[in-house]
Amino acid sequence: MARIKTLQDLFRRYRRPGDFAIAVLSLAFALFLAVSLPFQTTWVERTALFAQPSFWPTVAVGFMVLFSGLHVIGALVSERLPGRMEEVLHWVKSIEYAIWFLVYALLVPRLGYLPCTLLFCIALTLRLGYRGPRPILASAVFAVAVVALFKGFLQVKIPAGAIYDLLPAGSLRTFFILYL
Amino acid sequence: MDAFLSGLQLVFTPEVAIALLIGSIGGVIIGAIPGVGAAVAIAILLPATFAFEPIIGLTMLLGIYGSSMYGGSLPAILINTPGTAVNALTTYDGHPMTKRGEALKALGLAYGASFFGGIASIIALIALSPVLAKIAPMFGSREIFLAALLGIVLVIVAHRGQTFAAGSLAAFGIFLGTVGLEPVKFTQRFTYGFEFLSSGVNLIVVVLGLFALSQAFVLLSEPDHAPGDQRVEGNMFKAMAGVFRHKRVASASSGFGVLMGMIPGVGEFTAQFLSYTYAQRTSKTPDQFGKGSEEGLIASEASNNAVPAAAMIPLLALGIPGEALTAMMLSVFYVHNVVPGPALFQNNMDFIYALFIAMILLNVIVVVFVGLSSNLIMKIIQIPTRFLGMAILTLSFVGVYSLRNSLTDCMLAAVFGILGLVLKRQNLPIVPVILGMVLGGIMEVKLRSAMARVKTPLDFVDRPISAILAAAILFLIVLHFWGVLRERKLTEPESAHDHDMHDSQQG
């Protein structure tokens, strides 16, 4: 008879190297919030417990401490998996792409959505190791398509670039401000 | 009847019809691209849909939600790479069938089962509507509080083996929902003197960070690869009819999907687990499961596709989202000041009918589309993963920045993106954070108003529905502990565990 798997077995949701690190970080954050509770929430006089502004954050932080604490204990008593440091370094290395994202967000109101998106997509494509005209062209076409769809067609709220003010006044500048 | 006709009129306006078409076909393609999935697409498109009427925005998002799983089964079966997380189980039996030279049969069964599950779920929703319209007004503050609490308890216990992490993440979500200026006594909570935190942590920023940005970071920070190509020949529609050889498994799996979709906090994975286990236990060939079993494949696809329509039940009737995607849809309602809940069933039945009709149509559109263009979709999805990461990062910017043109939102989203990457790499769930955030807010408001009329703890459960819900919560907690003890005997030893990264719960 075939063995019936548990849900965890079926979807292979097992611990990975770094489990202990995430558990400790989670507990540290929960404890920091617990220590901050008296200073970051208010106890209001003549108000029932359940209506206190601090009641619900206390419940949330209390459960964070409880579950994170249990997670740490669980990680401590489990077999150690090799590769924790590599895993944590991988988390740290991925911050590079968060920085790319933030620089892009910082530049859009200055350079304009279309020029900035073109620059961002092409530069990131090169950073990712793609070489040759085909991926560059693909990223440029993608950038133009995104701007045309979201700003030009769907008219999502993205401010016009400050650089567009340098264009000569008239219909071209208006077009850039409204659609690109 | 008038409401139905009015609903029909709503769906057949050009804007809604186009939204439905784009959502359904776009959803199949998005679902078929490994590494994107409905959650990423919905998170990115969410702010763009705020400019539309609720029915247009919801139709498009529902289209993506309901059709992505059809698309996701295509690479799962042909190249052993699930398009979306909820198609991971499909690879177990679908790909071995492809290796045996039965790709057409496997795809046909998967599409047929998806259609079966989708339609069964909508029929259940339509049949339950009159009952819901009667029961929903009986949900007062304490019942809604208990239903939301049930959702939180379930989202924790549904992550068997990871309950501590899931509990901590759900509590973190509840905490996030409390940050900012609270609206009753007007006191600041956890703002640390930062002005940008006074307005709270925006749900959409968190959703975009945890689902979309994190996926971009995951793809960008890993080695590049592209899905392989595989063609399939033959009459797909004939192959789809093969599902009727397994009516029992398809019906039971759809039933599990409907039930698990209706209950907040559970969702596709538990539905698939129950269906797959049922199908294996009752099969004449249980040893074939995991090696190319038709029943296993049908159990996986019928159950996951039965969830979306059923998940709309608690959302529409009570205003309680049961999983991350309906939590995102709730924000579409809020932006337009439409409050889902009992009043919606009493006053906007045409809107409800329009959604039902849209869901039926989306299943029909999708089944025709996948029946005709599986090979074309396989060609479209040949995108290298790091290039895809760049594309998701670029699109995520539109989602976050178009909300209120705030660089702070972008920073917060980036922080949640890194958190999402860590969770995904740890095989940990994201959904508890989102549900905690949404349900925590509902629970706080409802508990406060419910306690005004409660003198003793027993008063809280002195109405039939609240008593049933409270009993269900206690029963689930007891059942969980009993299940943990029982499963200790069934669980594989630590050395047999697969400690690799598996994106099997970020659907």
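This is a predicted model: local features need pLDDT of at least 70, side-chain atom pairs count only at pLDDT 80 or more; totals for chains, interfaces and linings use all residues.

Trainee: What makes the phi of A:Arg46 worth a remark?

Mentor: Most residues other than glycine have a negative phi. The phi of A:Arg46 is near 55°, a positive value, and the residue is not a glycine.

Trainee: Why is B:Asn80 called partly exposed?

Mentor: The cut-offs are 20 or more neighbours for buried and 12 or fewer for exposed, with partly exposed in between. B:Asn80 has 18 C-beta neighbours inside 10 Å, so B:Asn80 counts as partly exposed. B:Asn80 lies in the loop between α4 (54-79) and α5 (88-99) of chain B, and its phi is also positive, near 65°.

Trainee: What makes α7(B) mostly covered?

Mentor: Of the 17 residues in α7(B), 16 are buried.

Trainee: How do you know that the span of α7 of chain B is close to the expected one?

Mentor: The expected span is 1.5 Å times one less than the number of residues. Helix α7 of chain B, residues 141-157, has 17 residues and runs 24 Å from first C-alpha to last, against an expected 24 Å.

Trainee: How are α3(B) and α17(B) placed, and which residues make the contact?

Mentor: The axes of α3 (residues 37-49) and α17 (residues 385-404) of chain B come within 8 Å and cross at roughly 35°. The crossing is left-handed. From α3(B) the contact includes B:Val40, B:Ile44 and B:Pro47, and from α17(B) it includes B:Leu395, B:Gly399 and B:Leu403. By class, this contact has 10 nonpolar, 3 polar and no charged residues.

Trainee: How many residues of chain A are in contact with chain B?

Mentor: Contact requires C-beta atoms within 7 Å. On that basis 72 residues of chain A are in contact with 77 residues of chain B. α3(A) gives the most to the chain A side, with 11 residues. That side has 46 nonpolar, 16 polar and 10 charged residues.

Trainee: Which domains is chain A divided into, and how far apart do their centres lie?

Mentor: Domain 1 covers 7-91 and domain 2 covers 94-179. Their C-alpha centres lie 39 Å apart.

Methods. Residues are numbered from 1 along each chain as its sequence is written. Chains are lettered from A and ligands numbered from 1 in the order in which they are written. Domain bounds come from an automatic or database domain assignment. Helices (H or I, at least four residues) and strands (E, at least two) are DSSP runs, numbered from the N terminus. Two residues are in contact if their C-beta atoms, placed from the backbone, lie within 7 Å. Ala, Val, Leu, Ile, Met, Phe, Trp, Tyr, Cys and Pro count as nonpolar, Asp, Glu, Lys and Arg as charged, and the others, Gly among them, as polar. Axes are lines fitted to C-alpha atoms, for helices over the stretch in contact, and angles run from 0 to 180 degrees between N-to-C directions. A crossing is left-handed if the near helix is turned anticlockwise from the far one by less than a right angle, and right-handed if clockwise.
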